[in-house]
Amino acid sequence: MLTSFFTGLARANRSWRMILLLLAVNILVSIPIAVPVFLLIAQTSSERLAANTMLADKLELNWLTDLINQRLPGESLESFGGQVGVLLLVMGVSYLLLNTLFAGGILEILASYQEGFTMRRFWMGCGAYFWRFFRLMLISLLFYGAAYLVYFLIRKPINSSAKQAAEYGPTFYKQWAALAVLGLLFAAINMIFDYAKISTVIGDHRKMFREAISATRFAWRNFLRTYSLYWLIGLTGLAWFALLVWLRGAVNQNSIIAVLIAILPAQLTMAARMWTRVAFYAAEFDLYWRLTPVLTAEIEFAVAEVGKPIFLLPTKETQGQLTDDSPTESEG
């Protein structure tokens, strides 16, 4: 498990071109929501003392109160909230679809490690696996629904006892414990469907419900290693994210130059999220390979036949050579 963890970190560090591509698309998707909010703040806070506070990346309560009470000329919370709500919905759906699309490209690059990152191979993987991963995403809704049902069944008696409880403290901790259970279940489901995607790319499978069940069995049989790896990668990414957020907050944004300086750690924070996603897939890919004996035997056979080292998986071209041109065991 630790070997896969460090392998995932190393491969994520070497995937900087792919991470830059993911970061660029992420920025483009966030522009439609960021621009209207920025324009609203610029228009309604100009020539006000609130402008200095909001320039420093802090929320001015007086400005927010005036917006809610419709004291800002030409603006109201209803109109602004409606516009932002629609934009958030569109951005959320777009972000979800882009994550599904890019998962195929990331895994295609990881599966063809020797050839490295190329735009052609990345986009080829995006197109080849999008609809299969989209079906996996729809299937995952059943799993998330089941997890939420478990949370609901846990939370229901807690809420019932809270009405008769003499102290709020014990109920508060029980509610947080229920939320923790929900978070752990959601994390396990995320992990399971990561392995379903990995298995789909490795075997070029097309029956996604079968892959979801197969990934569930794989994760359950190796639960300690798979779940520990998931949280180890997640906490590492969270540490990087928290550090960069702290660095950005440490910049005193009291001038345009300071704001421009703060942009760098802000973009690095977004890049840290992309890096964590690649590290997840790379580490899980390596662990899946190590825990699947059939794949290990195929790779050892490929190394013996081709005469060169192959990382994780033989390329599609090598697989074709082994299938069509290699001598069979009886001929050898």
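Buried means under 20% relative accessible area, with a 1.4 Å probe and protein chains only.

This is a predicted model: local features need pLDDT of at least 70, side-chain atom pairs count only at pLDDT 80 or more, and totals for chains, interfaces and linings use all residues. Residues are numbered from 1 along each chain as its sequence is written, and side-chain values use heavy atoms, without hydrogens or water.

**Exercise 1. Describe the make-up of the protein chain.**

Step 1. Count the elements. The protein chain has twelve helices and zero strands. Helices (H or I, at least four residues) and strands (E, at least two) are DSSP runs, numbered from the N terminus.

Step 2. Check burial. Of the 332 residues, 39% are buried.

Step 3. Sort the contacts, meaning heavy atoms within 4.5 Å. Among contacts with a separation of 6 or more, 71% join residues 24 or more positions apart.

**Exercise 2. Decide whether Thr200 is buried or exposed, and list its contacts.**

Step 1. Locate Thr200. The residue sits in helix α7 (residues 169-203).

Step 2. Apply the cut-off. Thr200 counts as buried because its relative accessibility is 0%.

Step 3. List the partners. Not counting residues up to four places away in sequence, Thr200 touches Tyr129, Arg132, Phe133, Leu136, His205, Met208 and Glu211.

**Exercise 3. Characterise the second largest pocket.**

Step 1. Take the volume, the space filled by probe spheres set on grid points joined across faces, edges and corners. The second largest pocket has about 990 Å³.

Step 2. Find the centre. Of the 36 lining residues, Asn99, Asn190, Asp194, Arg277 and Tyr281 are the closest to it. On a 1 Å grid over the protein atoms alone, a pocket is an open set of points where a 1.4 Å probe fits, with protein on both sides within 12 Å along at least five of seven lines; lining residues have an atom within 4 Å of a point.

Step 3. Name the main contributor. α5 gives the most to this lining, with eight residues.

Conventions
Buried means under 20% relative accessible area, exposed over 50%, partly exposed in between (1.4 Å probe, protein chains only).
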